[in-house]
Amino acid sequence: MSSNTLKQAAEAARSKSPNMSRQSTESTSGAVAADFLHTPLVRAALPFVNGGLAGMTATTIVQPVDMIKVRLQLAGEGVSTGPKPSPLSVTRDILAQGKALDLYTGLSAGLLRQAVYTTARIGFFDTFMGIFKKRASERGQGQGQGQIGFRERAAAGLAAGGVAAFIGNPADLALIRMQSDGLKPAGERQRYRSVVDAVGRIVRGEGARALWAGAAPTVARAMALNFGQLAFFSEAKARLDTGSAYTAQWSPRRKTLAASAVAGFFASFLSLPFDFVKTRLQKQQKGPDGRLPYRGMADCFAKVVRQEGPLRLYRGFGTYYVRIAPHA
């Protein structure tokens, strides 16, 4: 073999060595990253993190809709007649009194609420579903999605929603107070600067227990919402996968959107009355006589039905559906 050939072989070996080293390093880094994502702690935390981020993203988009929904629920309180606001008229009023950014009033509270509530409910739902799947598998009822029925999905949704709602009630209360503040006379407005300011002033003025005002309808709303949202979403996805040859051929994204629309409708229909009462209870404050307008959830339901009519509980259903569907 000539000296030139030997020199070329040596150079080729030297150039190949760094490439092999780089590929080995990249492969090792990828393996480490993959192993990290599959560690038990990270796998347990991911549903909570993903749920919270998804909820916060949805809130950023639909916050103006939520603002309009709250104003619709508070309009004409205590009377069956009077103005019948629409989403368009409420939007016009808000813009006429201030500026477009007023539609985002309470965004900080909404984001905190999602960071707490949605993180918890999605995470707990995934955790409870995992428990049900494990139990079903141990009973020998098969493998995969087919081992979980609608009853288990409903139970997981109800439990996850109730626990998460109770934890997130302070942020929910702050959100309603911030969104309803603009309805008060100018001299009585609190003009909260942020969710931290709202929570702090509520605690100083009404006590820490006030942060859980309206907790009962909040929990009931969340349980109804999750029953419709998570259980019907999961059931709809399963039916779309196996219901017919036509829907089975849909893309995963199309199935997700269709299941979300179904889940959003049932979630809105089941939870809106509780959401309506929750808004009224969390907005209320003591009058000059030291009394609250409503004694509790049952009293609020009774007074609304008697004074305003039962259909008032479903005022703004379309707006509420538009708000709920993206979260589904």
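Biologist: Why is Pro252 called exposed?

Modeller: Its relative accessibility is 64%. Exposed means over 50% relative accessible area, buried under 20%, and partly exposed in between (1.4 Å probe, protein chains only). So Pro252 counts as exposed. Pro252 lies in helix H9. Its C-alpha atom is 9.4 Å from that of Asp241, eleven residues away along the chain.

Biologist: What kind of model is this, and how is it numbered?

Modeller: It is a predicted model: local features need pLDDT of at least 70, side-chain atom pairs count only at pLDDT 80 or more, and totals for chains, interfaces and linings use all residues. Residues are numbered from 1 along each chain as its sequence is written, and side-chain values use heavy atoms, with hydrogens and water left out.

Biologist: How many helices and strands are there in the protein chain?

Modeller: Eleven helices and zero strands. Both are DSSP runs, numbered from the N terminus: helices are H or I with at least four residues, strands E with at least two. The pattern along the sequence is α-α-α-α-α-α-α-α-α-α-α. Of the 328 residues, 41% count as buried.

Biologist: What makes H7 and H9 roughly antiparallel?

Modeller: The axes of H7 (residues 215-242) and H9 (residues 252-283) cross at roughly 170 degrees. Axes are lines fitted to C-alpha atoms, for helices over the stretch in contact, and angles run from 0 to 180 degrees between N-to-C directions. Angles under 35 degrees count as roughly parallel, over 145 as roughly antiparallel, 65 to 115 as roughly perpendicular and the rest as oblique. H7 and H9 are therefore roughly antiparallel. Their contact has 19 nonpolar, seven polar and six charged residues. Here Ala, Val, Leu, Ile, Met, Phe, Trp, Tyr, Cys and Pro are nonpolar, Asp, Glu, Lys and Arg charged, and the others, Gly among them, polar.

Biologist: How do you know that H4 and H5 are roughly antiparallel?

Modeller: The axes of H4 (residues 107-138) and H5 (residues 150-180) come within 8 Å and cross at roughly 170 degrees. That puts H4 and H5 in the roughly antiparallel class. Their contact divides into 22 nonpolar, five polar and five charged residues.

Biologist: Why is Phe265 called partly exposed?

Modeller: Phe265 has a relative accessible area of 39%, and partly exposed runs between the buried and exposed cut-offs. Phe265 is in helix H9. With Val262, Phe266 and Phe269 it makes a nonpolar surface patch of about 330 Å².

Biologist: What makes Glu206 and Arg177 a salt bridge?

Modeller: The N to O value is 2.9 Å. A salt bridge is a side-chain nitrogen of Lys or Arg within 4 Å of a carboxyl oxygen of Asp or Glu. The pair therefore ties together parts 29 residues apart in sequence, Glu206 being in helix H6 (residues 195-206) and Arg177 in helix H5. Glu206 is partly exposed at 39%. Arg177 is buried at 4%.

Biologist: What other salt bridges are there?

Modeller: The count comes to 19. One of them joins Asp181 and Lys184 at 4.0 Å, N to O, and both residues are buried. Asp299 pairs with Lys303, with the closest N and O atoms 3.4 Å apart. Both are buried too.

Biologist: Why are Asp299 and Lys303 separated by about one helical turn?

Modeller: Because they are four residues apart in helix H10 (residues 297-308).

Biologist: Which residues are linked in a network of salt bridges?

Modeller: Asp66, Lys69, Arg221, Asp275 and Arg323.

How values were computed: Patches are made of residues with over 30% relative accessible area and no salt bridge: like charges are joined within 9 Å, nonpolar side chains (Val, Leu, Ile, Met, Phe, Trp, Tyr) within 5 Å. Accessible areas come from the Shrake-Rupley method with a 1.4 Å probe; for residues, only the protein chains shown count as cover.
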